[in-house]
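Welcome, and thanks for taking a look at this one with me. Below is a short tour of a two-chain arrangement that you can follow in your own viewer.

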Amino acid sequence: MGFITDRKRAAGLGSAKTGTEHHWHMMVTSVALLPLVLMFILSFGAILGSPYSEVIAYYQRPFPAMIAILTMLVGFNHFAHGARSTIEDYTGGLTRKGLIIGVNCLSYSAAAFAIFAIVRIAL
Amino acid sequence: MAAKPKKGTFMADNNQDNRPLSPFMIGQYYRPQWTSMSSIFTRITGLSLLVASLMIVWWFVAAASGPEAFATANGFITSWFGDLILFFSTWAMFYHMLFGIRHLIWDSGRMLEVDQSEMYAQAALVGSVLLTIFVVIVL
């Protein structure tokens, strides 16, 4: 049984102290994603629906490949950080830790799969 | 902080469950507002983009694996169901993008009045639909 109040447990701890860094990170990645996502929608949309050989030839060109790689890299990074904010807003304790670790594993795995695949097509 | 302790766990503060709480902005206590609704939809659209993203990752991995794997993934993504996911994801993308831009504008100290913010929300909602239609027609 605990003898101290909720207020006493919280007093003096201050903020999490890394909020500014997180916010700035979201700003940087969101600005980066503005041109990246627009270019990705246009390039991916242009080739989607084409036969296999044309898709392979398309992603062997440097520009479509680099747009796709950067969009996957920055996009999944932005997703991991954004999802973390949501998790922190609605959950706590072990659930929060587990979900944040899970989202990071999923995001960076997905990015790695995509980037490896694109590089393999391109080379 | 850990989850809220059960009533009676802490001897010193037995009244903690009976205190009045500020009601959550979305729910039975408030009418829907442009500010709160556009905010929560920014989050929902952002999270929902995971579905289309993973589908596109699958498409790239399949293309790298070979013609047979590509045929399966490409067949799914260009089916009516894949098209439906891509259509709503394109809208979600433009919505999230336009309302993300509003965050960048807010961060510069501009457009912080409620009426300006609401006007942007209405314009951006229309804009996201128009951009989606534009992309569907062009591509």
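At 24% relative accessibility, does B:Arg43 count as buried, exposed or partly exposed, and why? B:Arg43 counts as partly exposed because its relative accessibility is 24%; here buried means under 20% relative accessible area, exposed over 50%, and partly exposed in between, with a 1.4 Å probe and protein chains only.

Some ground rules before going further. This is a predicted model, in which local features need pLDDT of at least 70 and side-chain atom pairs count only at pLDDT 80 or more, while totals for chains, interfaces and linings use all residues. Residues are numbered from 1 along each chain as its sequence is written, chains are lettered from A and ligands numbered from 1 in the order in which they are written, and side-chain values use heavy atoms, with hydrogens and water left out.

**Salt bridges**

A salt bridge is a side-chain nitrogen of Lys or Arg within 4 Å of a carboxyl oxygen of Asp or Glu. By this rule there are two salt bridges over all chains, and they are set out here.

| A:Arg84 | A:Glu88 | 2.7 Å |

Helices are DSSP runs of H or I with at least four residues, strands are runs of E with at least two, and both are numbered from the N terminus.

A:Arg84 and A:Glu88 both belong to helix α4 of chain A, four residues apart, about one turn of the helix. An α-helix has 3.6 residues a turn, so residues three or four places apart point the same way. A:Arg84 is partly exposed because its relative accessibility is 31%, and A:Glu88 is partly exposed as well, at 28%.

A:Ser85 sits in helix α4 of chain A, which covers residues 62–90. With a relative accessible area of 21%, A:Ser85 is partly exposed. Contact means heavy atoms within 4.5 Å, and, leaving aside neighbours within four places in sequence, A:Ser85 is in contact with A:His22 and B:Arg43.

**Helix α5 of chain A**

Helix α5 of chain A spans residues 93–122, and its 30 residues reach 44 Å from first C-alpha to last, close to the 44 Å expected at 1.5 Å a residue; the expected span is 1.5 Å times one less than the number of residues. Its buried residues include A:Ile100, A:Val103, A:Ala110 and A:Ile118. Which elements do the buried residues of α5(A) pack against? They pack against α3 (52–58) and α4 of chain A together with α1 of chain B.

**Chain B**

Chain B has four helices and zero strands. Of its 139 residues, 35% count as buried. Among its contacts between residues at least 6 apart in sequence, 53% join residues at least 24 apart. Chain B exposes about 8600 Å², and carbon and sulfur atoms supply 68% of that; accessible areas come from the Shrake-Rupley method with a 1.4 Å probe, and for residues only the protein chains shown count as cover.

Helix α1 of chain B (residues 34–65) has 32 residues, which should span 46 Å at 1.5 Å a residue, and its end C-alpha atoms are 46 Å apart, in agreement. The helix has a kink of about 25° centred on B:Val51, where the bend is the angle between axes fitted to the seven residues ending there and the seven starting there. After α1(B) comes B:Gly66, whose phi is positive, near 145°.

Beyond residues up to four places away in sequence, B:Thr90 touches B:Thr132 and B:Val135.Finally, B:Trp58, B:Phe76, B:Trp80, B:Phe81, B:Leu84, B:Phe87, B:Phe88 and B:Val136 form a nonpolar surface patch with about 820 Å² of accessible area together. Such patches join nonpolar side chains (Val, Leu, Ile, Met, Phe, Trp, Tyr) within 5 Å or like charges within 9 Å, using residues with over 30% relative accessible area and no salt bridge. Helix α3 (residues 80–107) gives the most, with five residues.
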